[in-house]
Amino acid sequence: MGMACKCIERRSTSLSLSLSLRDVSSLEKREFKKNAKYVSSIPLFRRSAPAPAPAAANNNNCVSSVDVREKSRSKLCESSKHKRVPIYVMMPIDTFGIDTSGAPRIRKIKALTISLKALKLAGVHGIAVEVWWGIVESSPSAYNWSLYEDLFKLISNIGLKLQVTLSFHSNIHLSSRGRGVSLPQWIMEIGHINKDIYYQDRNGVCYDDYLTLGVDNHPLFCDRTALQCYEDFMCSFVNKFEPFMGTLIEEISVGLGPCGELRYPAHPLGDGRWKFPGIGEFQCYDKYMMDDLQRAACQEGKSLWGNSGPQNAGCYNSSPYGVPFFEEGLESFLSDYGQFFLEWYSDRLIRHADAILAKAANMLGKYQENKQTSVLLVAKIGIIYWWYQTMSHPAELTAGYYNTAVRDGYDPLATMLSRHGAALQISGFEMLDSEIPPAYLCSPEGLLQQVRTASKRRIIHLTGRNTHERFDKDGLWQIHANCYHSKAEAVGSFTYFRMNEKIFRVENWNNFVPFVRKMSTDL
């Protein structure tokens, strides 16, 4: 957990962290005095030359896959020329623990309080909090919000705002020492009996951090479908925290897949199957998705197409070279079968998000009437940037983004979000093409520019996040350059991923505070 106790800075410049003893409790005063030896001034946030604008996507031949005639419900913010980008800092990954009685609790609450106060005084706008399905709904339809009531009260009392993520996934595989949060125990018990409630690869290996979209409409969960489970959870949350909507809670991101992102788990972390820059594998082999594929194939009059996913698409750690499906031959992604499969695979992902966001937008609709107290609905996608400069974009295809050199896969997604007035959050704001080995044909800058263009075309908000920890000036400058892009609207907000002890180290804090102040200043 990120703690500020050892790294609070003294007031020495106009951009220093002005934390005085009267701002903290008696406990915090002792910590402040004890660590005075760590105090240093905070220099101005500068760089010798402006960062170059992100490179344009290698997508000159892109064609829009959907001709949308409807008008977007989204309304973009004021001009970037006078726009302040609020910064939310995501809570530590190990914020929650289990006490001796087996109940969830907030870990190291006193140290967390000091850290939150330091962030507030540094100019951070709010805190990003993951609201875990596995913590709240310990038994079917029984919701215990007490832990989040305490946490939200703490954050509110410090004067910070909230960006909430309703997390329907598990982060066990991403957490150290088993401190993560699993899916609800009663869900896992169903999964022990029926492993097909989870995504599966072609070898039948399950990804048990998120339910397959194949069960969205199957009443397998104590007579409820997965969509009904998500809807009931969202409804309970909105009802419980209604007094905070639009005042304390400003953004609500709804989890749509692994790590909360709308994608398939084609590149699983933590279990040894995949490592960068592997192309990943298609995740459609649970029986519910395979049944749906068979029905879709029969409707096309090609029943054999429904027997399996592509059999010539390599494996998790393949490169696209020598993999027939991702080349340009007769059995490639360009073939009739290839186009059929990829249309089905990506369409089911968009339908999944469409159904969940429709329910969320309906619940939040009443908070949109007053602009001053509105709540922004947000959907996250992954930034699958490796092999982006190839013809087939294989890593994106396995993740469910039907984006190639001849097809814009992000426009249909942006169109769907536009229908619900939802914003799009994408990570990778700190990344530069030049920092990645050229052999992998990566382009995070090109991909971000493509998503930015799709968002502008469909008139939806774009919000940002970093993928990797960056405390250096170059990384922070790149985030700023992407948030205030010279040829686009400033992003609606930026989420810094995430709070931990490193952020409060003197050398990092001295970069972070000026970055926050610069982001909070009108251009």
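This is a predicted model: local features need pLDDT of at least 70, side-chain atom pairs count only at pLDDT 80 or more; totals for chains, interfaces and linings use all residues.

I started with contacts (heavy atoms within 4.5 Å): among those between residues at least 6 apart in sequence, 77% join residues at least 24 apart. Residues are numbered from 1 along each chain as its sequence is written, and side-chain values use heavy atoms, with hydrogens and water left out.

Next I looked up burial, meaning under 20% relative accessible area with a 1.4 Å probe, protein chains only. Of the 523 residues, 60% count as buried. The protein exposes about 21,500 Å² (Shrake-Rupley, 1.4 Å probe), and carbon and sulfur atoms supply 50% of that.

Then I checked the elements, taken as DSSP runs (helices H or I, at least four residues; strands E, at least two). I have 13 helices and 12 strands.

I picked one helix pair. The axes (lines fitted to C-alpha atoms over the stretch in contact) of α2, residues 109-122, and α13, residues 506-519, come within 9 Å and cross at roughly 50 degrees. From α2, A118, L119, L121 and A122 make the contact, and from α13, W509, F512, V513, V516 and R517.

Last entry was α6, residues 226-240. Its end C-alpha atoms are 21 Å apart, which agrees with the 21 Å its 15 residues should span at 1.5 Å a residue, taking 1.5 Å times one less than the number of residues. Its buried residues include Y230, F233 and F237.

Definitions and conventions:
Axes are lines fitted to C-alpha atoms, for helices over the stretch in contact, and angles run from 0 to 180 degrees between N-to-C directions. Buried means under 20% relative accessible area, exposed over 50%, partly exposed in between (1.4 Å probe, protein chains only).
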